[in-house]
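Open the model in your viewer and keep the selection tool at hand. We will go stop by stop.

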Amino acid sequence: ATQMEGHPDNIAPCIYGGLIASLKALDNTWIHRSLAIHDSWIFTQLIPDFEVDTKKARAALPDFYSRAEASASVANAILNVYALGNGDLELLKEAGRDVIHEPYRAPLIKGFEDVREIAESDTGGKLLISGSGPSCLLISKKPLSKEAGMRITAVNGDWKVMALNIAPNGLLVNGKPL
């Protein structure tokens with residue numbers, strides 16, 4: 001499935017469910033591990049009515065990052081996993097300050113800063129760009145209010161607001177998880 005789709009971070013959760021970390025081993029096999037995710041999180045997907053070309057989103061990224069940026073990114077990733085597993089919203093907001101993708105991809109998403117401001121001020125949560133964008137993921141402890149949702153849908157055209165649930169089991173075969 002990863003060879004077909006190209007991204008183990010997309011495929012592994014679909015197959016196994018929950019929060020999954022994956023990597024390609026030296027022998028070209030795939031390694032994945034299930035990670036804890038606290039049940040207090042509320043997930044909301046925000047999807048604008050336009051697309052951002054993946055090639056354009058990749059081209060927006062610099063060819064090189066400083067040691068400080070690379071180090072910060074590794075620390076953020078580790079602490080994001082910890083925050084998600086322990087329900088630590090304040091840590092998630094700090095560790096969710098991406099330095100690798102978001103500063104370069106956010107300008108490609110019309111209205112991103114407005115949507116972020118509305119979503120985060122309404123819920124106290126953290127809005128992240130999902131993959132190369134333009135879809136965004138809001139992680140919070142309280143649901144987005146109807147008023148904030150209506151304000152978001154009106155930003156630069158039409159954004160969809162969708163409440164999400166974690167699929168704990170992923171793909172089922174004969175009614176059983178893999």
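Select asparagine 174, which is exposed, with a relative accessible area of 75%. Exposed means over 50% relative accessible area, buried under 20%, and partly exposed in between, using a 1.4 Å probe and protein chains only. This is a predicted model, where local features need pLDDT of at least 70, side-chain atom pairs count only at pLDDT 80 or more, and totals for chains, interfaces and linings use all residues. Residues are numbered from 1 along each chain as its sequence is written, and side-chain values use heavy atoms, with hydrogens and water left out.

Asparagine 174 sits in the loop between β7 (172-173) and β8 (176-177). Strands are DSSP runs of E with at least two residues, helices are runs of H or I with at least four, and both are numbered from the N terminus. The phi of asparagine 174 is near 55 degrees, a positive value in a residue other than glycine.

Now pick asparagine 28, in the loop between β1 (19-24) and β2 (30-35). Its phi is positive too, near 70 degrees. Asparagine 28 counts as exposed, at 54% relative accessibility.

**Stop two: a cis bond**

Select glycine 133 and proline 134, which are joined by a cis peptide bond with omega about 5 degrees. Proline 134 lies in the loop between β4 (126-129) and β5 (136-140). Most peptide bonds are trans, and most residues other than glycine have a negative phi.

**Stop three: two helices**

Show helix α7 (residues 112-123) and helix α8 (residues 146-153), whose axes come within 9 Å and cross at roughly 175 degrees. That makes α7 roughly antiparallel to α8; the term covers angles over 145 degrees. Axes are lines fitted to C-alpha atoms over the stretch in contact, and angles run from 0 to 180 degrees between N-to-C directions.

Which residues make the contact? From α7, pick Val115, Ile118, Ala119 and Asp122; from α8, Ala148, Arg151 and Ile152. Contact means heavy atoms within 4.5 Å.

**Stop four: the largest pocket**

Select Asp9, Ile129, Ser130, Gly131 and Leu137, which lie nearest the centre of the largest pocket among its 49 lining residues. A pocket is an open set of points on a 1 Å grid where a 1.4 Å probe fits, with protein on both sides within 12 Å along at least five of seven lines; lining residues have an atom within 4 Å of a point.

Technical notes: Parallel < 35°, antiparallel > 145°, perpendicular 65-115°, else oblique.
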